Amino acid sequence: MTASSATPGAAPLAAPGAAPLAAPLATDMGLPDYVVRRPKGFYHSLNPATKLALAALEVVAAFAIPGWLGPGPVLAVLVATALASRTMRSLLLIGLAALPLVVSIMVVNLFLLPGASDPIGRLGPLAPTWSGLWFGLLTTARLLAFSSAVALAYVTTPVDDLLADLSRRGLGRRGVFVVGAAVQMVPRTIERVGEIMDAQRARGMDTEGRIWRRARGLVPLAAPVVFGALAEVEERTMALESRAFTAPGRQTLLRVPPDRSIDRALRWLALAGVVAIAALRLTGRLG
Amino acid sequence: MAIELVSARYRYAGSASPALGPIDLRVEPGRVVGVAGANESGKTTLCVVASGVAPAVIGGRLDGSVRIDGVDAATLRPHELAQLCGLLFQHANTQLSHTTATVFEEVAFGPCNLGLPVSEVVERVWWGLRVVGVEALASRDPARLSGGQGQLVALASVLALRPKYLILDEPTSELDPAGTVQVADALARVAAESGAGILVVEHKTDVLARIADEVVILDRGVPAVSGRATDVLADPRLAELGVEPPAAVRLEREVRAGGLDWSAALAKATA
């Protein structure tokens with residue numbers, strides 16, 4: 001008996017082993033609007049691969065082009081894009097997460113840049129330098145260009161759009177699931193940590209006060225978070241199998257982000273840009 | 001045509017002793033078989049064994065046989081089993097895929113895995129949501145559902161695969177009384193409308209009294225009491241097996257213990 005013949009009252013199912021040539025796409029709009037979710041605005045409507053390609057170009061430009069000619073224009077473009085796509089607020093919030101790193105970069109370079117001998121003044125035994133300040137700012141600009149480029153792609157691309165596009169481009173369902181689960185893992189882990197921390201606090205764990213005390217409070221979190229996640233794996237595996245995750249053939253895609261000629265043109269441009277910058281850098285023509 | 005366990009005995013990988021069995025059990029289409037028992041009595045193990053997931057997916061050793069519609073479950077591949085036996089786990093959190101933006105897409109996950117045409121996926125999703133009574137949640141983010149809502153959505157997701165049999169491991173464990181009634185009604189509808197055979201593990205014996213045709217009480221992996229639901233749920237051995245009888249049975253006992261005539265009291269109450 002085949003599984004499909006055993007399903008009562010339903011239209012014939014995909015025959016096991018008979019893989020369709022292409023994934024069925026949602027060209028028939030029996031789908032509700034909240035599933036179709038047409039993107040608003042030019043940047044939002046770009047294909048996820050295009051946004052990733054542009055982000056790659058921006059990162060390469062920010063790091064490979066010497067001085068401010070790299071990160072300066074990249075940051076300007078990113079700010080303009082964020083304003084146009086109305087994502088500036090999200091970008092700023094993500095940027096705040098980089099604040100501790102920015103502070104440490106500035107402090108280290110300001111006071112400890114090797115070879116710097118142009119002091120701004122003296123702070124006790126320490127002497128901040130102009131070149132340290134300059135290098136710290138440049139490094140910070142590069143870091144912000146990197147994080148903003150990635151963040152812009154992230155905040156303008158629904159995860160399932162990215163997954164659908166990867167699936168269409170031939171990444172198998174396991175690969176797509178791994179990418180999706182990894183992307184979703186961050187907020188879920190944060191949520192889980194919050195729950196466990198609340199539970200530990202309710203049992204008397206001290207997480208307030210000085211920083212060393214807070215750090216010590218993190219130790220009891222590690223085991224529940226890690227072991228809890230591992231314990232879920234078996235049940236999650238069974239749940240996926242019981243939802244036909246390993247069925248042969250390609251999945252039906254309910255919605256696929258458009259891939260227009262402008263997308264393809266932008267991707268080629270981004271690729272050409274990356275290659276050109278890399279070539280100029282390797283041949284020493286960028287200084 | 002049925003799920004049949006014949007002298008089935010299952011041992012988890014790495015375990016020296018069996019967690020289940022030997023057990024004989026039969027779940028026929030259109031019938032609801034309830035399972036209850038104390039903690040660690042083998043209820044969840046029965047679910048994964050009867051659905052064919054163990055040992056096919058998680059390993060371990062199965063003696064005896066599990067046959068689904070006459071076919072040895074061990075010969076079926078996981079996606080074939082999924083279309084025959086829908087399996088719902090106790091925790092909605094591990095049941096959902098966590099890769100979708102809306103409940104609609106979450107319920108569509110299984111049908112999409114089968115590569116069905118979009119129109120059929122859509123039809124199945126609405127059917128699953130309607131049967132469970134959660135159509136209003138369709139546009140919601142699955143990550144933002146309450147435990148009970150998540151459990152209902154997980155049930156709809158299993159139904160959307162239109163399996164011939166449903167195996168449910170404590171489907172009401174995270175639900176409030178209203179949600180519990182909602183699920184019980186949905187299961188009764190599924191059994192009546194689709195003719196699916198249902199094996200349901202449930203601590204709340206009131207739910208079993210409402211929907212089950214037969215009940216099995218497990219004790220240390222083997223059936224201690226089994227038979228017609230009304231008989232088993234009124235069995236005096238339930239309490240010592242770690243199972244609380246349904247409210248109606250407890251009430252009847254209290255009335256009788258008070259020296260009152262139960263039939264007369266019932267007639268008066270329902271008059």
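Two residues are in contact if their C-beta atoms, placed from the backbone, lie within 7 Å. Helices (H or I, at least four residues) and strands (E, at least two) are DSSP runs, numbered from the N terminus.

This is a predicted model, in which local features need pLDDT of at least 70, side-chain atom pairs count only at pLDDT 80 or more, and totals for chains, interfaces and linings use all residues. Residues are numbered from 1 along each chain as its sequence is written, and chains are lettered from A in the order in which they are written.

In chain B, Phe104(B), Val107(B), Ala108(B), Pro111(B) and Cys112(B) of H5(B) meet Val121(B), Arg124(B), Val125(B), Gly128(B) and Leu129(B) of H6(B). Eight of the residues in this contact are nonpolar, one is polar and one is charged. Here Ala, Val, Leu, Ile, Met, Phe, Trp, Tyr, Cys and Pro count as nonpolar, Asp, Glu, Lys and Arg as charged, and the others, Gly among them, as polar.

The contact between the chains takes 48 residues from chain B and 48 residues from chain A. Elements of chain B that each supply at least two residues to the side touching chain A are listed here.

| Element of chain B | Residues |
|---|---|
| Helix H3 | 78-84 |
| Strand E6 | 85-88 |
| Helix H4 | 92-95 |
| Helix H5 | 103-113 |
| Helix H6 | 118-132 |

H5(B) gives the largest share of that side, seven residues. By class, the side of chain B that touches chain A has 24 nonpolar, 18 polar and six charged residues.

Chain B also has an open sheet of four strands in the order E2-E1-E4-E5, with antiparallel pairing; two strands pair if DSSP finds at least two bridges between them. Strand E1 (residues 3-11) and E2(B) are joined over five bridges.
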